[in-house]
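Welcome, and thanks for taking a look at this one with me. Here are my notes for a first visit.

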Amino acid sequence: MVQAPQFNWRFLLPQYWLIWFGAGLLWLLSWLPYRVLMILGSGFGSLLYKVLKSRRKVALRNIELCFPQMPENEQVALVKRNFAETGRALFDTVIGWWWPQWRIRRIAHFKGYEHIAAARAEGKGVLLLAPHVLHLEGVCRAFGLTHPSIGFYRPHNNPLLDYLTYHGRSKSNKYMIGKRDVKGLIRALNQGEVCFYLPDQDYGRTKAEFVPFFAVKDTASTTGTLLFANAANCAVIPVITQRLPGSQGYEIEVQPALEPFPTGDDKADVTRVNQWVEQVVLRAPEQYMWLHRRFKTRPDPDAPSLYKGS
């Protein structure tokens, strides 16, 4: 468990004033209606599209690799929509950290909780699989109102940002576990907790299998899901989230537990997880985190990068 950062009087020193100003401005904006926040976020995303040229290239390259049959103009259009969602993610964070419960409940549409309840009734913890969607900060807050959960956390180097982030993310959830605290997550699962786990980024070649992800045949895919499922008394339950049109907010759909899982065939099990992530992404591809270098680790460490020039 990560020790909760405490307020320190040195946070009032001039070196932190810009952070306080930004946080204060966002807090004031948080009182605007959800629809207005999303419009502001979309505009901010358009600015990011122009400014973050290297990330724009990464997103476009990921989409080229995953959807090689998609016409070039559609790929560019998808990247632009993706940056609009990236801008909205700033306000998803604002919503997750600062909105009161009554406002969150108005935009959270939850279904499928019976699958979590069934696992917990059997005395099991729940390893909740979720992909890297851009609205995750808001969704995790909304999920915590139904059932407080536990998530991985990587502390910020800036102590004030670390303080704000930790306490913002803990608003309606229990506590955070360090990103590399494998034993801590296993212990929480064995205690019957519900723990979020995101298995869809490139964590390197250690504890990974090279299996397909969309059109990329050999994608480094973590076996962490299998590690936790084998080591802890838990059910592996996927959750699909999506930003709904207009001012409707978030849909959170808990699916039935993966059964049988794991099967003992690591490559087949990791492929199954990747195929599930693909299905989620295809529901709303603009809402996925395409800005991450998903294919940076290659089976041959001496092979040229798929992101050359990006």
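The numbered points below go from the whole chain to single residues.

1. A word on the basis of these notes. This is a predicted model, in which local features need pLDDT of at least 70 and side-chain atom pairs count only at pLDDT 80 or more, while totals for chains, interfaces and linings use all residues. Residues are numbered from 1 along each chain as its sequence is written, and side-chain values use heavy atoms, with hydrogens and water left out.

2. Let us begin with the overall build. The protein chain has eleven helices and nine strands; helices (H or I, at least four residues) and strands (E, at least two) are DSSP runs, numbered from the N terminus. Its C-alpha atoms fill a box of roughly 55 × 50 × 40 Å along the principal axes.

3. Next, the inside and the surface. Of the 310 residues, 52% count as buried, meaning under 20% relative accessible area, with exposed over 50% and partly exposed in between (1.4 Å probe, protein chains only). The chain exposes about 15100 Å², of which carbon and sulfur atoms supply 56% (Shrake-Rupley method, 1.4 Å probe; for residues, only the protein chains shown count as cover). Among contacts (heavy atoms within 4.5 Å) with a separation of 6 or more, 77% join residues 24 or more positions apart.

4. Do look at the aromatic rings. The structure holds 20 aromatic pairs, where rings of Phe, Tyr and Trp (its six-membered ring) pair if their centres lie within 6.5 Å; planes under 30 degrees apart count as stacked, over 60 as edge-to-face and the rest as tilted. One of them is the tilted pair of Phe 11 and Tyr 163, at 5.9 Å centre to centre and 50 degrees between the planes. Phe 11 sits in the segment before helix 1 (17–29) and Tyr 163 in helix 8 (residues 159–169), so this pair ties together parts 152 residues apart in sequence. Both residues are buried.

5. Another pair, Phe 143 with Phe 196, is edge-to-face, with 5.2 Å between the centres and 80 degrees between the planes. Here helix 7 (residues 136–146) supplies Phe 143 and strand 5 (residues 194–197) supplies Phe 196, 53 residues apart. Phe 143 is buried at a relative accessible area of 0%, and Phe 196 is buried at 6%. Elsewhere, Phe 67, Phe 213, Phe 214, Tyr 288, Trp 290 and Phe 295 form one aromatic cluster.

6. Which residues of helix 9 (residues 182–190) are buried? They are Gly 184, Leu 185, Ile 186, Ala 188 and Leu 189. Their cover includes strand 2 (125–129), strand 3 (150–153), strand 4 (175–178), strand 5, helix 10 (224–231) and strand 8 (234–243). After helix 9 comes Gly 192, with a positive phi near 85 degrees.

7. Val 2, in the segment before helix 1, is buried at 16% relative accessibility. Leaving out residues up to four places away in sequence, Val 2 touches Tyr 153, Tyr 166, Met 176, Ile 177 and Gly 178. Thr 297 lies in the segment after helix 11 (266–283) and is buried at 11% relative accessible area. Beyond its neighbours within four places, Thr 297 contacts Asp 202, Gly 204, Arg 205, Phe 210 and Ala 220.
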